[in-house]
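Hi,

Here is the structure I promised to pass on to you. Have a look at it first, and then read my notes below.

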Amino acid sequence: MKLNPFSLIEELINEHGSSSILRERLLLLKDELRNIEKERTELKTKISELMKENAECRKQLDKQNIPDQFTEYLGALFKRDPSGRYAPVAHCPECKRPLWNNEPQIFPYECSTPGCGYTIMIHESLTSIVDKLNKK
Ligand SMILES: [Zn+2]
């Protein structure tokens with residue numbers, strides 16, 4: 001429970017013969033405190049909404065910002081080596097790190113970066129995908 005300085009002052013006024021002026025001031029202060037607390041709650045909500053929105057914008061920006069050596073295919077990125085050939089390794093479109101999967105027929109590919117959490121189901125084999133990309 002929060003310590004409320006106004007209840008202490010209120011008690012003091014009640015115990016020692018109340019003054020109507022002090023009581024009025026106390027009421028004004030209580031109103032002000034209520035307004036400030038309401039405003040603070042609204043601002044906290046607004047900040048958390050903006051933080052969410054900002055994170056979402058960053059994600060979108062990272063997705064759109066695909067480095068030259070990558071090509072997007074089926075929601076994953078494939079990296080070209082200096083000779084222009086693609087290796088059969090899918091990369092995360094968000095952090096550009098390799099995706100991994102032991103059972104691609106059953107489970108989605110997962111990003112290898114801790115905390116990234118990007119997953120994507122790729123039904124085609126990576127070898128056949130890079131074969132197509134290498135023919136382009
Ligand atoms: Zn990632």
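Predicted model: local features only at pLDDT ≥ 70, side-chain atom pairs only at ≥ 80, totals over all residues.

Residues are numbered from 1 along each chain as its sequence is written, and side-chain values use heavy atoms, with hydrogens and water left out.

**The overall layout**

The protein is split into domain 1 (5–64) and domain 2 (70–135); bounds like these come from an automatic or database domain assignment. Between the C-alpha centres of domain 1 and domain 2 there are 49 Å.

Leu 12 has its place in helix 1 (residues 5–15) and counts as exposed at 52% relative accessibility. Asn 65 is 28 residues from Pro 93 in sequence, and their C-alpha atoms are 8.9 Å apart in space.

At the other end of the numbering I looked at helix 3, where Lys 135 lies. Lys 135 counts as exposed, at 74% relative accessibility. From its C-alpha atom to that of Glu 53, 82 residues away along the chain, the separation is 40 Å.

**The zinc site**

Which residues hold the zinc ion as protein donors? They are Cys 92, Cys 95, Cys 111 and Cys 116, each through its SG atom, at 2.2 to 2.3 Å from the ion. Donors are N, O and S atoms within 2.8 Å of the metal (3.2 Å for Na, K and Ca), and water is not among the atoms, so sites may look incomplete.

Along the sequence, the donor residues follow the spacing C-x2-C-x15-C-x4-C. Cys 95 sits in the loop between strand 3 and strand 4 (99–100) while Cys 111 is in strand 5, so this pair ties together parts that are 16 residues apart in sequence. Cys 95 is partly exposed at 27%, whereas Cys 111 counts as buried at 10%.

The arrangement is tetrahedral because the 4 donor atoms subtend angles of 93 to 123° around the zinc ion. For four donors, that label needs all angles between 85 and 135 degrees.

**The nonpolar core**

A nonpolar core is a set of buried Ala, Val, Leu, Ile, Met, Phe, Trp, Tyr and Cys residues joined through side-chain atoms within 4.5 Å. The largest one here has 16 residues, and those touching the most other members are Phe 78, Ala 90, Leu 99, Ile 122, Leu 126 and Ile 129. At least two core residues come from each of strand 2 (76–80), strand 3 (86–91), strand 5 (109–111) and helix 3 (126–135). Helix 3 gives the largest share, 4 residues.

Take Ile 129: leaving out residues up to four places away in sequence, it touches Tyr 73, Leu 74, Phe 78, Ile 122 and Glu 124. Contact means heavy atoms within 4.5 Å.

**Two asparagines to click on**

Asn 101 is in the loop between strand 4 and strand 5, and it is buried at 18%. Its side chain has a polar atom 2.7 Å from the backbone oxygen of Phe 107, and it also reaches the backbone oxygen of Pro 108 at 3.2 Å. A polar contact is a pair of N or O atoms within 3.5 Å; within protein, one must be able to donate a hydrogen and the other to accept it, and residues adjacent in sequence count only if both atoms are side-chain atoms.

Asn 134 has its place in helix 3. A polar atom of the Asn 134 side chain lies 2.7 Å from the backbone nitrogen of Tyr 86.

Cheers

Conventions
Buried < 20%, exposed > 50% of the residue type's maximum accessible area, 1.4 Å probe, protein only. Tetrahedral: all angles 85-135°; square planar, octahedral: opposite > 155°, others 65-115°.
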